Amino acid sequence: YQGLFILSKHSDCLQLSFLNGPPPKFVWFRLGNVSTLTMLETLRSHRNAIAAFSASADEALLVIPCT
């Protein structure tokens, strides 16, 4: 799991991250039904937050909000 995390649109990752802690780390996209292109654009627009989250040893969950 070192340096890896799981990208998900499902709220189950919220529960798993609090129950088990890292690893694995979860990035939860709260976007609903969107195109793959929208997912990619969202991922790119939040790349700095994702990089900081990935570097943190203690954080288990990063929530990417609807935009």
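One aromatic pair is counted in this predicted model, where rings of Phe, Tyr and Trp (its six-membered ring) pair if their centres lie within 6.5 Å, and planes under 30 degrees apart count as stacked, over 60 as edge-to-face and the rest as tilted. The pair is edge-to-face, because the rings of Phe-5 and Phe-53 have centres 6.2 Å apart and planes at 65 degrees. Phe-5 belongs to strand E1 (residues 5-8) and Phe-53 to helix H3, so the pair ties together parts that are 48 residues apart in sequence. Helices (H or I, at least four residues) and strands (E, at least two) are DSSP runs, numbered from the N terminus. Phe-5 is partly exposed at 28% relative accessibility, whereas Phe-53 is buried at 2%; buried means under 20% relative accessible area, exposed over 50%, and partly exposed in between (1.4 Å probe, protein chains only).

The model is a prediction in which local features need pLDDT of at least 70 and side-chain atom pairs count only at pLDDT 80 or more, while totals for chains, interfaces and linings use all residues. Residues are numbered from 1 along each chain as its sequence is written, and side-chain values use heavy atoms, leaving out hydrogens and water.

Phe-53 also has a charged neighbour: the charged end of Lys-25 sits over its ring, 4.4 Å from the centre. Here a charge sits over a ring if NZ of Lys or CZ of Arg is within 6 Å of the ring centre and within 35 degrees of the ring normal. Arg-30 lies likewise over the face of Trp-28, at 5.3 Å from the ring centre.

Ile-6 has Phe-26 of E2 as its bridge partner, and Trp-28 has Val-63 of E3. Both faces of E2 are covered, with Lys-25, Val-27 and Phe-29 buried on one side and Phe-26 and Trp-28 buried on the other.

How values were computed: Pairing = 2+ DSSP bridges.
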